[in-house]
Amino acid sequence: MSVAAGVDMDVNATDVADTRWEERLAERFRQIQDERMRDVPLLNPALNVETVGFTDTTAGRLGVLITPWFMNLILKPQGDADPLGMGETVTRAFAAGALPFTGSDDETVGSFEICSLFSPMFDFEDQASARDMASSVLQALLHPEPEKPVLEREVDRRAFLRGGFLREGSESAGR
Amino acid sequence: MKETFYEVMRRQGITRRSFLKYCSLTAASLGMGPGQAMQIAQALETKERVPVIWLHGLECTCCTESFIRAGHPLAKDVILSMISLDYDDTIMAAAGHQAEEILKETREKYDGRYILAVEGNPPLADDGVYCIPGGEPFVDKLKYMAAGAKAIISWGSCASWGCVQAAKPNPTQATPVHKVIRDKPVIKVPGCPPIAEVMTGVITYIVAFDRLPELDRQGRPKMFYSQRIHDKCYRRPHFDAGQFVEQWDDENARKGYCLYKMGCKGPTTYNACSTVRWNEGVSFPIQSGHGCIGCSEDGFWDKGSFYDRLTNIQQFGAESNADKVGMAAAGVVGTAIAAHAAVSVIKRLSTTSSGSVPEKSDQA
């Protein structure tokens with residue numbers, strides 16, 4: 001397992017050409033749904049193919065692909081590095097932790113990397129809930145909330161009964 | 001003078017260098033860093049050895065066969081030096097009444113402190129007459145040893161779920177351990193057999209840290225059973241792309257396409273096969289060209305043929321998905337719950353909280 005450098009948001013990215021890549025990706029998977037996946041009984045009929053939140057990072061374009069049969073993080077690496085072969089894995093470090101990505105390749109959209117979030121997709125009631133989850137995953141991955149500080153002082157009995165433990169960061173009441 | 005694990009290992013001829021290497025490897029397989037490897041080393045050097053008693057009920061001994069072939073030879077040497085001194089009727093030197101006496105001695109001398117590892121399960125029909133090791137029903141022996149144990153490890157699918165002997169119509173009333181022993185913590189390590197590195201990892205964690213690993217809702221160690229085969233399968237890109245093997249040995253099979261249509265149970269099976277793999281990380285069933293049969297899932301013998309295509313994902317244990325509650329709630333409650341569930345998803349996928357990920361996956 002090779003460990004790639006940490007992945008951060010790339011605010012200076014100006015590669016406009018690739019911003020259309022995810023549109024081609026979505027179009028390709030709509031085609032796959034209509035053709036190869038037509039008879040597979042693992043599709044959630046409430047869902048459609050949709051890309052969510054694609055953005056430029058230091059490693060490439062990162063976003064989520066929702067389909068009726070899976071939801072994956074998708075990374076389209078940019079730069080001169082050789083793409084991962086089909087099925088090869090790499091660990092990529094994000095602000096929230098290191099995730100394993102697997103190489104994929106398609107004759108239409110080229111090589112990219114996937115990290116499975118959900119599959120199959122029967123637990124999603126509709127497209128909106130899947131989209132909510134996709135956005136939340138990206139947010140939690142790239143902009144994680146800091147861990148809540150552990151209370152250093154013990155909450156005394158009086159404070160506990162007054163609900164002092166509910167007031168984050170506040171002094172214990174009743175002292 | 002109480003003997004530590006380390007002293008036992010040294011007495012068994014294991015060098016300090018090998019001992020430290022073992023600690024590092026075990027820490028890695030548990031998803032821990034180098035600092036925690038030293039914690040394991042320190043614990044084994046200073047803590048009194050905890051006896052492990054390994055009982056066999058209705059089973060085929062494949063768990064033992066897997067265990068003694070742990071990927072790194074050190075693992076089995078180290079672990080065997082801990083357990084063989086006490087009781088395992090397959091690999092210990094003692095036999096007959098002398099062997100059975102060990103159980104009584106351990107129960108008396110280490111009451112409340114030893115670990116009871118159980119391979120297989122007790123048949124309860126006809127007063128347990130269908131499994132009589134050492135001249136008494138296994139269920140009686142299990143209850144006797146469980147009463148003095150600190151914790152119980154259910155090795156394999158037999159002890160964890162019942163497995164083939166509990167398949168319908170289950171004539172001997174073979175019953176998983178946790179349904180017989182209800183007053184002790186039971187750690188399920190399912191699989192038929194479990195992966196050797198998973199077994200050594202679990203047992204080392206317990207004896208080194210003197211606590212149980214974090215378990216999921218079904219009682220399985222999260223560090224090895226929180227991920228589905230399907231999520232980490234190297235053939236997953238083919239599933240996503242709708243590229244399936246349609247018949248054995250067809251052109252698609254030779255290209256290493258997804259085995260879902262050949263009955264692969266990877267989408268509903270929680271195990272570490274696609275990450276830790278087997279035989280020193282060489283391969284696993286899907287890499288060898290055969291679908292996963294879901295051997296670590298509850299009741300896998302009664303779920304139809306190994307070659308039946310999964311059509312209803314709920315039929316095969318998807319309810320065990322730790323994220324299900326969060327996802328179902330996300331559909332109802334909305335973004336706030338989705339945000340919470342998203343953090344859980346990232347934790348589950350993070351490589352630092354699960355078994356190791358292999359360096360490279362070659363197509364079969």
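Two strands count as paired if DSSP finds at least two bridges between them. Helices (H or I, at least four residues) and strands (E, at least two) are themselves DSSP runs, numbered from the N terminus. With that in hand, strand β4 (residues 149-155) of chain B and β5(B) can be described as a parallel pair with four bridges. Within this pair, B:I152 sits opposite B:V186 of β5(B).

Before going on, a word about the model. This is a predicted model, where local features need pLDDT of at least 70, side-chain atom pairs count only at pLDDT 80 or more, and totals for chains, interfaces and linings use all residues. Residues are numbered from 1 along each chain as its sequence is written, chains are lettered from A and ligands numbered from 1 in the order in which they are written, and side-chain values use heavy atoms, with hydrogens and water left out.

## The sheet of chain B

The β4 and β5 strands belong to an open sheet of five strands in chain B, with parallel pairing and the order β2-β1-β3-β4-β5. Its edge strands are β2 (87-88) and β5 of chain B, each of which pairs on one side only.

Now look at β1(B). Here we need the word "buried", which means under 20% relative accessible area, while exposed means over 50% and partly exposed lies in between (1.4 Å probe, protein chains only). In strand β1 (residues 52-56) of chain B, five of the five residues are buried, so the strand is largely enclosed by the rest of the structure. Both of its faces are covered: B:V52, B:W54 and B:H56 are buried on one side, and B:I53 and B:L55 on the other.

What joins β1(B) to β3(B)? Five bridges do, and the two strands run parallel. B:H56 stands opposite B:E119 in β3(B). With β2(B), β1(B) forms a parallel pair over two bridges, and there B:I53 has B:Y87 as its bridge partner.

## A strand in chain A

In chain A, follow strand β7 (residues 110-118). Eight of its nine residues are buried, so β7 of chain A is largely enclosed by the rest of the structure. Strand β4 (residues 71-77) of chain A pairs with β7(A) in the antiparallel sense over five bridges, and A:L75 stands opposite A:E113. Strand β6 (residues 97-106) of chain A also pairs with β7(A) in the antiparallel sense, over five bridges. There, A:T102 faces A:I114. A hairpin of three residues links β6(A) to β7(A).

## Surface patches on chain B

Patches are made of residues with over 30% relative accessible area and no salt bridge; like charges are joined within 9 Å, and nonpolar side chains (Val, Leu, Ile, Met, Phe, Trp, Tyr) within 5 Å. A salt bridge is a side-chain nitrogen of Lys or Arg within 4 Å of a carboxyl oxygen of Asp or Glu.

Which residues gather in a patch of negative charge on the surface? They are B:D126, B:D127, B:E136 and B:D140. B:D127 belongs to the loop between β3 (114-119) and α7 (138-147) of chain B, and its 70% relative accessibility makes it exposed.

A nonpolar surface patch of about 260 Å² is made by B:V129, B:Y130 and B:I132. B:I132 is in the loop between β3 and α7 of chain B, and it counts as partly exposed at 41% relative accessibility.

Most residues other than glycine have a negative phi, and most peptide bonds are trans.

| Residue | Phi | Relative accessible area |
|---|---|---|
| B:N170 | about 50° | 17%, buried |
| B:D249 | about 65° | 56%, exposed |

B:N170 lies in the loop between α8 and β5 of chain B, while B:D249 lies in the loop between α12 (236-240) and α13 (251-254) of chain B.

Where do cis peptide bonds occur? One joins B:K168 and B:P169, with omega about 5°. B:P169 is in the loop between α8 (156-160) and β5 (186-189) of chain B. Another runs from B:C192 to B:P193, with omega near 0°, and B:P193 is part of the loop between β5 and α9 (196-209) of chain B.

Finally, find B:R236 in helix α12 of chain B. B:R236 is buried, at 2% relative accessibility.

How values were computed. Areas by Shrake-Rupley, 256 points an atom, 1.4 Å probe, with all protein chains shown as cover. Lys, Arg positive; Asp, Glu negative; His and termini not counted. Charge placed at Lys NZ, Arg CZ, Asp CG, Glu CD.
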